[in-house]
Amino acid sequence: MKRLLTATAVALLLAACASDNVEPPAPLQPLPRPQLVAHEVWSRSISGYDAVKGLNIAPSSDGDQVYVCTDDGVVYAFGLKSGNTRWKTKTDVDVGAGVASGDGLAVVAATSGTVVAMDAKSGDILWHSDVKGEILGMPVVALGFVVVRTTDGRVIALAADSGQQRWKNSYDQPRLTLRGASTPVVTDRTLLVGLDNGKLVALNIDDGSQLWETTVSNPNGSDELSRLTDVDGRLALQGDDVYASGYHGPTVALSRLTGQSRWSRDLPSATGAASDGQYVYVTDNHGAVWALEKSNGVPVWNQPVLRARDLTVPDPYGDALVVGDLQGYVHFISKKDGSILGRERVGSDPITARPLTLGNILVVQTTGGDVAAYILTPPS
């Protein structure tokens with residue numbers, strides 16, 4: 001479970017946990033005939049990070065290099081196909097999420113509010129910018145901007161070439177929120193941002209003007225914990241649709257142009273949604289993986305055998321989906337029917353950030369600092 005932001009929230013959570021039994025992770029069943037096998041292309045070991053702090057440090061790539069970092073701000077660029085270290089830079093900031101890349105930059109954001117931009121080819125630090133607010137979500141770099149979302153409800157756009165602030169929007173925060181933030185998504189010149197108040201907003205990336213706002217999740221419940229509405233998971237784009245999930249539900253499809261609802265399904269998820277153009281894929285808060293019809297949200301199948309294993313959002317890889325779990329395993333799930341096709345253990349530490357699929361290469365990072373790249377094939 002993601003940690004909560006405030007001392008009040010922690011007290012509420014501890015009181016709730018004291019009266020509830022924590023469900024143990026479902027045991028893994030033997031796979032006598034795996035249909036997919038992971039072949040390691042390369043692996044590296046860097047310093048790990050403490051996921052209990054609410055950090056979710058994910059790998060990223062520009063198609064040529066893989067960028068990873070430690071929570072104390074050491075950034076690495078590895079060759080995507082070789083794993084060779086291209087450069088290593090110490091930024092001297094405590095990082096809250098992974099490295100964003102784009103426009104020739106590699107960018108990290110600190111929990112203290114400092115944004116650091118590096119040259120993607122050399123790792124040289126180009127600029128620092130202090131936005132004066134905790135940042136726990138990965139920045140987005142696109143169209144000449146670096147955009148960050150702070151935990152106090154601000155969305156801030158910086159100039160990619162200088163770090164100077166171009167615009168800022170502020171949004172009301174609920175008294176109680178989850179510790180974490182989603183990464184904004186850019187489509188055309190529109191910036192889509194999920195908020196802790198349960199809303200999804202579309203902004204003009206050039207000036208921050210709001211194009212539309214819609215509610216994904218409304219508070220509903222008798223106590224503060226059950227009324228959490230955060231839209232902190234991954235936002236998925238497919239054509240003219242955007243898919244999003246609220247922590248206490250639902251999962252929705254919206255028009256990316258107007259925010260108008262296409263459909264809504266009572267399917268809560270902290271990790272968000274993914275889509276491959278055929279189905280929408282969601283990991284619910286109990287650890288079941290779902291495939292939904294993209295046109296109406298009707299379930300096609302669900303796979304519950306990995307229950308309570310703290311799965312990541314499903315990431316499409318060929319005919320499979322890839323999810324990581326709390327024991328360092330990556331599971332391969334059939335897109336067609338949800339059957340388990342295979343698994344690979346990257347390390348003994350949890351995988352909290354979604355695995356990264358790049359063509360036929362899969363890159364995974366554990367909280368213990370294991371970083372590995374694989375190619376999945378049918379068994380010989």
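This section describes salt bridges in a predicted model. The count comes to 15 salt bridges.

Arg307 and Glu23 meet through their side chains in a salt bridge, with an N to O distance of 2.7 Å. This pair links distant parts of the chain, 284 residues apart. Arg307 sits in the loop between β25 (299–303) and β26 (315–317). Glu23 sits in the loop between α1 (7–19) and β1 (37–45). Arg307 is partly exposed, at 34% relative accessibility. Glu23 is also partly exposed, with a relative accessible area of 39%.

A salt bridge also joins Arg149 to Asp196, where the closest N and O atoms are 2.4 Å apart. Arg149 belongs to strand β11 (residues 145–149), and Asp196 to the loop between β15 (190–194) and β16 (199–204). The pair therefore ties together parts that are 47 residues apart in sequence. Both Arg149 and Asp196 are buried.

Arg234 lies in the loop between β17 (210–215) and β18 (236–238), while Asp315 lies in strand β26, so parts that are 81 residues apart in sequence are tied together. The accessibility of the two partners was also computed. Arg234 counts as partly exposed, because its relative accessibility is 26%. Asp315 counts as buried, because its relative accessibility is 2%, under the 20% cut-off.

Technical notes:
Residues are numbered from 1 along each chain as its sequence is written. This is a predicted model: local features need pLDDT of at least 70, side-chain atom pairs count only at pLDDT 80 or more; totals for chains, interfaces and linings use all residues. Side-chain values use heavy atoms; hydrogens and water are left out. A salt bridge is a side-chain nitrogen of Lys or Arg within 4 Å of a carboxyl oxygen of Asp or Glu. Helices (H or I, at least four residues) and strands (E, at least two) are DSSP runs, numbered from the N terminus. Buried means under 20% relative accessible area, exposed over 50%, partly exposed in between (1.4 Å probe, protein chains only).
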